[in-house]
Amino acid sequence: MTLHVPFQHTLLSQQPDPLPPTYLKEETDMFHFHNVFSSCEKADCEISAPKSFRILAEWPPALRQSLDLDPSQLDAVQHALTNQMALIQGPPGTGKTFVGLKIVQAILDNTKLLRHSPILVVCYTNHALDQFLEGIFKFCENIVRIGSRSKSEQMMRRNLKELVMSVPSSREFFQARKCLTERRDYLRDELSKAIVQVDSHTVSAAQAKSLMSEQQFEEFYQGFLDYLGDAKDDFPEDAWVVDDEIWSRVMKEWLGTSDPSRFAPVPKHQGGGLPSFKNFGLAEDSDDDDYAPYGSKDDGDEEEAANEIYERKLDVDNEQTEQVDEKRKSRMDFFQELNNAWLPYVDEYYETLTPEMRSLDWREENLWRLLPPQRRECYRQWLVEAHEEARGILPELAHLLERNAESRAALDRDRKLAVLREMQVVGMTTTAVSKYQQLLKELRPEVVIVEEAAEVLEAHILTALHPRTQHVVLIGDHQQLRPSTAVYRLSKNFHLDVSLFERLIHNGAAHVTLLQQRRMHPKISRLIKPLYPQLRDHSSTEKYPEIRGVAARCFFMSHFHLEDDEGESHSKQNTFEANFVSALCAHLVSSGYEESQITVLSPYLGQVRLLKRKIQRDPSTQGIAVTAVDNFQGEENDVIVVSLVRSNRARQMGFLAVDNRINVALTRARHGLFIIGNTDMLEKHTLWSQILRELKSDECLAETLPIVDKEQKGPFEVKSADEISVFLESKVHQSGGEGMITIDEYRKSQEATSSKTFRVLLPGRPQSLNLSFRSERRKASHAAEARTLSTGFAKYEYVVA
């Protein structure tokens, strides 16, 4: 079967030529922007913004003068409307969502007669989808959301299930649905009976009647009555009224045992054991070791990534988990658990018999005259034949059930499509795109807009495209979080973590980058200038209020306390940092911040859980959000506190070495950013070294944090939770030194792992040079308290031969 993928020229070519959407022609490119630009016009501008013009021609220069959009935002709108595969890169805080909404509004206002299907909006997360759809809802209420994980009350009312239920169903639909449901129930009952027979290691009365001829069964039963003699009065004379209870008594007398199942010919080497659901068109749940890090032979970053993926699987409840649970639930509706091994096929069993037993033809024998070994062999042959007959029914019943399910799904899908085709916008997550692939195939979306496109696997975006798709807009930032694969080795060895967005940009595809950020104070945004050298700060970011409680807007407090040894959790955690951050949050709240204004981030879920426990102890900080960096892309808050966690003897940075995660962690704050970590771990990393150098330039990096007390003023230098607790009324944050070590212990731990001597031959006189690296001293005003931390690099001794 050949699958047609749209935009092959763009997707497969190196440096593809930009092409306009196929629905745009010279006679259809007149666009009207009255609604799009109405909220963007400058109040004091004498030039009025043109509201209608041909978008495939040069755009009016007056737009740049009259609109309150920075030039890169206007370029992004133009690029998105005039390219069939448009790429918009939005660095942190540059207004990707704002630009995306303007693009959607322009397409909605001008393509109603050019499209035959609603615009499909795809987002990676449910939260991002809710936000984007809420923005669209302000100018277009004719939208629908597919998927049940919405937390927005507004979007819950626009859920596809809710809208479908609000539309009265036709009489024909109810009749068809009832007929299919009754047929399904009948097939399930038949399948249940067949499975009971397959799983049984005894021959039932009904099976015996079907295996023997009428005459043989009557003679066999009469032989039983003759065997009983005078005791036969308790049993019926008619053989055809014999049920399983009477039959078990017959078998007890004939075989000389009350447990005939012990004669079942169970193979010693069970080839397949229980049946494979693949034979019945059903997939078994995977137990592949790639999905579970336990017992993995990987080490270093690979093991850490695998463990963190596993932790995230346990920590995040998503639509995929719900989907798997639904499959299991529906499967168990009509599949009983198989407890016994499957018996061999008849031909296979006869090959194992001796010539004497193979020659036994029980159909021609008087069964009551057989010897005990022959009777047992006869019973085994009955079992094998009955088992094979029941087993042969299973695939056919499973196939009929599958066809019934497809018919019911098609009936429901037609009902949903009737609702969807009345909508202007359909929104769904990438998980829903995969789950409702057949629905999308029949919807045939012509315009697809993907938010967070750089965080989505390429395969997931291709799944959303239809051969009739004419226009795709991808909005994202490949320098922030990449897609994540369930198996880390797929990312490491096969680069499946490279999104379609990133691949096209690296291939030279035309794209626009937004160049002005309106989120971070310049003191914060300067940290990511190595990643975005052209990024500019909007003038409004310089007018943020001063930080309360800390004598710095952006500060890195370095420490030398080691991360915890791994316990039950496979993720990393650092008790010292957790104590310090929880105390700092309490201090910020006491200084006047609302809990909702503060968010705590960490790259590791183990640290997130530990931080939540620590922060929840204090009633004043229970409302502070604590989350993983990977879960906070696209979000922001006034004050961000980052716990980096990693501090170890082996100098393993783990996730801290990934530029994309560094980027996300440091760009969420509007007013204030406070980072807690061990700078010794970071100094050799290219991006971190640039960040640390920038922080050192204005003394925003030290081993103590300068806090300000609202009563005692300050600043006061603190380096532990216990020192912060002095300024708090509560004693909750007194840690008693938990998770802390002395500077001497830190030096010894470094020397024990990395202090080595290398002998190098040099010409000239003998000399001894010890090369060491020192961390930055604290501020000159506190020089008396300053300590020099050894980083533990190898020492070299140079001598003359």
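How many salt bridges does the count come to? I asked this at the outset, bearing in mind that the structure is a predicted model. The count comes to 24 salt bridges.

**Entry 1: a salt bridge between two helices**

I looked up one of these pairs, Arg64 with Asp75. The closest N and O atoms of this salt bridge are 2.5 Å apart. I noted that the pair links distant parts of the chain, with Arg64 in helix H3 (residues 62-66) and Asp75 in helix H4 (residues 71-82).

**Entry 2: the surroundings of Lys51**

I then located Lys51 and found it in the loop between helix H2 (34-37) and strand S2 (52-54). Which residues does Lys51 contact, leaving aside its neighbours within four places in sequence? I recorded Phe31, His32, Phe33, His34 and Glu41. I also looked up Leu63, which lies 12 residues from Lys51 along the chain. The C-alpha atoms of Lys51 and Leu63 are separated by 9.3 Å.

**Entry 3: the sheet of 7 strands**

I traced an open sheet of 7 strands and wrote down its order as S5-S6-S4-S7-S8-S3-S9. The pairing in this sheet is parallel. Which strands stand at the edges? They are S5 (143-146) and S9 (512-513). Each has a single partner strand, so one side of each is left without a neighbour in the sheet.

Within this sheet I followed the pairing of S4 (residues 119-123) with S7 (residues 447-451), which is parallel and runs over 3 bridges. Leu120 has Val448 of S7 as its bridge partner.

**Entry 4: helices H5 and H6**

I examined how helix H5 (residues 96-110) meets helix H6 (residues 126-137). Their axes come within 10 Å and cross at roughly 45 degrees, which makes H5 oblique to H6. The crossing is right-handed. From H5, the residues Thr97, Gly100, Leu101 and Val104 meet Phe132, Gly135 and Ile136 of H6. Sorted by class, I noted 4 nonpolar and 3 polar residues in this contact, and no charged ones.

**Entry 5: helices H11 and H12**

At what angle do H11 and H12 cross? The axes of H11 (residues 214-228) and H12 (residues 244-255) cross at roughly 70 degrees and come within 11 Å of each other. H11 is therefore roughly perpendicular to H12. I recorded the crossing as left-handed.

On the H11 side, the contact is made by Phe217, Phe220, Tyr221, Phe224, Tyr227 and Leu228. On the H12 side, I listed Ile246, Trp247, Arg249, Val250, Met251, Glu253 and Trp254. By class, the contact holds 11 nonpolar residues, 2 charged ones and no polar ones.

**Entry 6: the sheet of 6 strands**

I turned to an open sheet of 6 strands, in the order S14-S13-S15-S16-S12-S17 and with parallel pairing. Strands S14 (625-628) and S17 (701-702) stand at its edges. Each of them has a single partner strand, so one side of each is left without a neighbour in the sheet.

Inside the sheet, S12 (residues 554-558) and S16 (residues 669-677) pair in the parallel sense over 5 bridges. I found Phe556 opposite Ile675 in S16.

Two helices that pack on this sheet were also noted. Helix H24 (residues 575-590) touches S12, S13 (598-602), S15 (637-643) and S16. The direction of H24 makes about 160 degrees with that of S15. Helix H27 (residues 686-697) touches S12 and S17, and its direction makes about 110 degrees with that of S12.

**Entry 7: helices H24 and H25**

I returned to H24 to examine its packing with H25 (residues 605-616). The two helices pack at an angle of about 45 degrees, with their axes 9 Å apart. H24 and H25 are therefore oblique to each other. I recorded that H24 passes H25 in a right-handed crossing.

Which residues of H24 meet H25? They are Thr575, Glu577, Ala578, Asn579, Val581, Ser582 and Cys585. From H25, I listed Gln607, Leu610, Leu611, Lys614 and Ile615. By class, this contact has 6 nonpolar, 4 polar and 2 charged residues.

Key: Residues numbered from 1 in each chain as written. Predicted model: local features only at pLDDT ≥ 70, side-chain atom pairs only at ≥ 80, totals over all residues. Heavy atoms only, no water. Axes fitted to C-alpha atoms, helices over the stretch in contact; angles between N-to-C directions. Helix = DSSP H or I, 4+ residues; strand = E, 2+ residues; numbered from the N terminus. Parallel < 35°, antiparallel > 145°, perpendicular 65-115°, else oblique. Left-handed = near helix turned anticlockwise from the far one by under 90°. Contact = heavy atoms within 4.5 Å. Nonpolar A, V, L, I, M, F, W, Y, C, P; charged D, E, K, R; others polar. Pairing = 2+ DSSP bridges. Salt bridge = Lys/Arg side-chain N within 4 Å of Asp/Glu carboxyl O.
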